[in-house]
Amino acid sequence: FTRMFVQVCLYFYCKCLWRCLKFVVRKLTGQCELQRICYNTKPGAARTMKIEASLKGSKSKRLQTSVNVHPDAIEKTIDDIMELKRINPDINPQLGVSLQACLLQIVGYRNLIAEVEKLRREPYDSENPQHEEMLLKLWKCLKPNSPLKARISKQWCEIGFQGDDPKTDFRGMGLLGLYNLVYFAEWDTEIAQQVLTDSLHPKYREVTKKELSQLSKAEWEKKKFDKAIGYSFAIVGINITDLAYNLLVSGALKTHFYNVAPEAPTLTHFQQTFCYLMHEFHKFWIDEDPLDIMEFNRVREKFYRRILRQLQNPEMALCPHFAASESLINM
């Protein structure tokens, strides 16, 4: 009880102290917190996340709810913020522009989560011609020279589905998994086909100089002809969709989207990110060199932690120009 009481007192003390400090800084600089952020922080994730935190942490309900407005109401919301903060828009014209860009990103991110969630919750329906058309498009993009002999066919295993009918594999991620796979196969076809080929026919492991120094001749001869473990392309794609979804709903992807989307992030931005994650996971899988497919969860978790660490950098843009065939991580 004593510890809890101390923590509560400390919380209120810090909260009051912070508000007092903000008041003093405003009096000294003649600028509110929103002005100081916009004028002293360059555009991108660093600025937008500070603006978001400032609005959410405000004691004014009008400012708190400004991050949840409809996109069409953003201009009026900016006017309300300027009025509430007693900021003259004629003297500070750039402030309104900066706040509008930040709010578009903040509101857009929330709407993107809703759009992605809707797709995730929609099950694949084999009676729906649109769903079937998308599935067949996936096959044509990945295997253009191998016609599908029948809708229910063991050929689906060639692109990494588990059985004769892929519809059962979409249960976890719904239509979102299919949307992402089709986007990857259609818009980054060359790389998608290469990743599929490599997943079916993994390359020989490359033995580094360090490994070579630690191996006997017999061990090296054995390892030299030891192939890397492959994986099921489509199933891994659905799994990476789940990974991208978790990054999105947890807020981790705010860093990336606020750096690459000048205004509201869209479903296309999310799908481009998926393509990047698929390509990077493929390289990561080869580098990790797992002993068998049972190590998939371990490798996936390690890859997830690596992406999370990268996204902690406010300057991070996973794929700033979207080229899944290039290594675009800004270390």
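Author: Contact means heavy atoms within 4.5 Å. Keep that in mind for this predicted model.

Reader: What does serine 66 touch, not counting residues up to four places away in sequence?

Author: Serine 66 touches Leu55, Thr77, Ile81, Leu103 and Val107. Take Leu103 from that list. Leucine 103 is 37 residues from serine 66 along the chain, and their C-alpha atoms are separated by 8.1 Å.

Reader: Why is serine 66 called buried?

Author: Its relative accessible area is 1%. Buried means under 20%. The value 1% is under that cut-off, so serine 66 is buried. Serine 66 sits in the loop between helix H4 (61–64) and helix H5 (74–84).

Reader: What makes the pair of serine 66 and leucine 63 a polar contact?

Author: A polar atom of the serine 66 side chain lies 2.6 Å from the backbone oxygen of leucine 63. The limit is 3.5 Å. The distance is within it, so the pair meets the distance limit.

Reader: Why does glutamate 52 count as buried?

Author: Glutamate 52 has 7% relative accessibility. The cut-off is under 20%, so glutamate 52 counts as buried. Glutamate 52 belongs to helix H3. Leaving aside neighbours within four places in sequence, glutamate 52 is in contact with Ile106, Lys254 and Tyr258.

Reader: Which helices do the buried residues of H3 pack against?

Author: They pack against helix H2 (33–40), H4, H5, helix H6 (93–121) and helix H13 (254–260). Among the buried residues of H3 are Ile51, Glu52 and Leu55.

Reader: How do you know that the reach of H3 is close to the expected one?

Author: Helix H3 (residues 45–56) has 12 residues. From first C-alpha to last, H3 reaches 16 Å, close to the 16 Å expected at 1.5 Å a residue.

How values were computed. Residues numbered from 1 in each chain as written. Predicted model: local features only at pLDDT ≥ 70, side-chain atom pairs only at ≥ 80, totals over all residues. Heavy atoms only, no water. Helix = DSSP H or I, 4+ residues; strand = E, 2+ residues; numbered from the N terminus. Buried < 20%, exposed > 50% of the residue type's maximum accessible area, 1.4 Å probe, protein only. Polar contact = N/O pair within 3.5 Å; in protein donor to acceptor, adjacent residues only side chain to side chain. Expected span 1.5 Å × (residues − 1).
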